[in-house]
Amino acid sequence: MQINLITGISGSGKSVALRAFEDAGYDCVDNLPVSLLENLIDTLVRENSERVAVAIDARRGQSIAELPSILETLRCKHQVRVVFLNADTNTLVQRFSETRRRHPLSSDAKQSQSATLIEAIDKERNLLEPLRAQAHSIDTSNLPAHALRSWIQDLLKDKPVGLTVIFESFGFKKGIPSEADLVFDVRCLPNPHYDKVLRPLTGNDKPVKEFLEKIPEVASMESDITQFIEKWLPHYIADGRSYLTVAIGCTGGQHRSVYLVNRISEHFRAKKDLIDLQLNFLDRHRELDSIPAAKS
């Protein structure tokens with residue numbers, strides 16, 4: 001059975017992610033008590049269910065500490081993936097303020113609402129840290145709901161075995177993705193933004209590609225990043241990781257980083273000597289994916 005555990009910080013989009021799994025045909029269960037997880041899986045196995053997504057969060061309190069060992073037991077018989085949704089504290093505070101929802105770990109202490117909320121978020125991070133360390137993490141701080149659904153859909157297309165390498169472009173002006181394992185800064189390269197013709201385009205468009213292809217420094221940066229990843233990729237595989245996120249950032253996440261993510265991803269997908277390593281690849285463009293028009 002394919003078991004997907006959806007967890008993470010309250011307000012980071014777990015409900016959106018669970019609905020994406022449901023739309024993909026998974027049996028879905030929300031807010032399941034930790035002690036019932038193994039019983040649920042046994043029941044679904046008897047019913048010949050093949051795919052399930054279960055949402056468990058810190059509302060379960062200290063029992064969440066039992067989850068890592070339960071997941072190890074389940075991995076002996078099933079394919080298990082943990083998807084951890086995260087967001088920075090300022091974003092979470094804003095989301096709770098907009099929806100007027102109460103954080104599930106908020107206390108009744110006589111403190112300001114924001115102080116209580118921040119303390120609850122910090123407590124939740126500490127409780128869930130053992131799960132985050134073994135999960136595929138997605139930072140939803142700058143990600144609207146439609147983009148998160150799209151990313152989950154892409155995740156469901158990858159193979160459940162081996163290392164999944166995610167190449168993600170982003171803009172530094174909106175912050176570094178919190179899930180990034182390797183971060184490369186390409187802001188030193190010539191910026192198509194200053195060309196009025198290229199400014200409204202992206203690194204996916206032919207005129208921008210042709211502009212960047214003519215610059216030796218761009219090719220040199222591409223080669224250096226590629227060689228670094230090639231050198232250290234076997235070590236990440238040996239470390240037993242399931243996911244490796246390579247984030248490439250420029251100022252706005254529209255031109256240079258998008259172009260380089262596409263180029264470097266194409267390079268690794270074409271390498272025949274990587275086939276035996278059971279590598280899977282995903283491409284993400286955080287800033288472009290956040291704009292509905294960019295997907296058309």
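Four strands form an open sheet with parallel pairing, in the order β7-β8-β6-β9; strands count as paired if DSSP finds at least two bridges between them. Helices (H or I, at least four residues) and strands (E, at least two) are DSSP runs, numbered from the N terminus. The structure is a predicted model, in which local features need pLDDT of at least 70 and side-chain atom pairs count only at pLDDT 80 or more, while totals for chains, interfaces and linings use all residues. Residues are numbered from 1 along each chain as its sequence is written, and side-chain values use heavy atoms, with hydrogens and water left out.

At the edges of the four-stranded sheet lie β7 (182-185) and β9 (279-285), each of which pairs on one side only. Neighbouring strands in this sheet are turned against each other by 15 degrees on average, direction ignored. The parallel pairing of β7 with β8 (residues 243-250) extends over 4 bridges, and valine 183 has alanine 247 of β8 as its bridge partner.

A further open sheet consists of 5 strands in the order β2-β3-β1-β4-β5, again with parallel pairing. Because β2 (27-29) and β5 stand at its edges with a single partner strand each, one side of each is left without a neighbour in the sheet. From one strand to the next, the twist averages 20 degrees. β4 pairs with β5 in the parallel sense over 4 bridges; the partner of phenylalanine 84 in β5 is serine 137. Helix α1 (residues 14-23) packs on this sheet and touches β1, β2, β3 and β4, where contact means heavy atoms within 4.5 Å. The direction of α1 makes about 165 degrees with that of β1; such angles run from 0 to 180 degrees between N-to-C directions, and axes are lines fitted to C-alpha atoms, for helices over the stretch in contact. Helix α2 also packs on the sheet, touching β1, β2 and β3, and its direction makes about 160 degrees with that of β3.

The largest nonpolar core comprises 33 residues, and Leu37, Ile56, Ile64, Leu67, Leu71 and Leu74 have the most contacts inside it. Such a core is a set of buried Ala, Val, Leu, Ile, Met, Phe, Trp, Tyr and Cys residues joined through side-chain atoms within 4.5 Å. Buried means under 20% relative accessible area, exposed over 50%, and partly exposed in between (1.4 Å probe, protein chains only). Elements giving two or more residues to this core include β1 (2-8), α3 (67-75) and α5 (113-132); α5 gives the most, with 6 residues. Leucine 71 touches Leu5, Leu37, Val80, Val82, Leu131 and Gln134, residues up to four places away in sequence not being counted. A second, separate core of 28 residues includes Leu198, Val218, Ile225 and Leu260.

Alanine 135 is located in the loop between α5 and β5 (136-139). This alanine 135 counts as buried because its relative accessibility is 15%. Apart from neighbours within four places in sequence, alanine 135 is in contact with Val82 and Phe84.

Helices α7 (residues 206-213) and α9 (residues 256-269) pack at an angle of about 85 degrees, their axes being 11 Å apart. α7 is therefore roughly perpendicular to α9, a class that covers 65 to 115 degrees, whereas angles under 35 count as roughly parallel, over 145 as roughly antiparallel and the rest as oblique. In this contact, Lys209, Leu212 and Glu213 of α7 meet Arg256, Tyr259 and Arg263 of α9.
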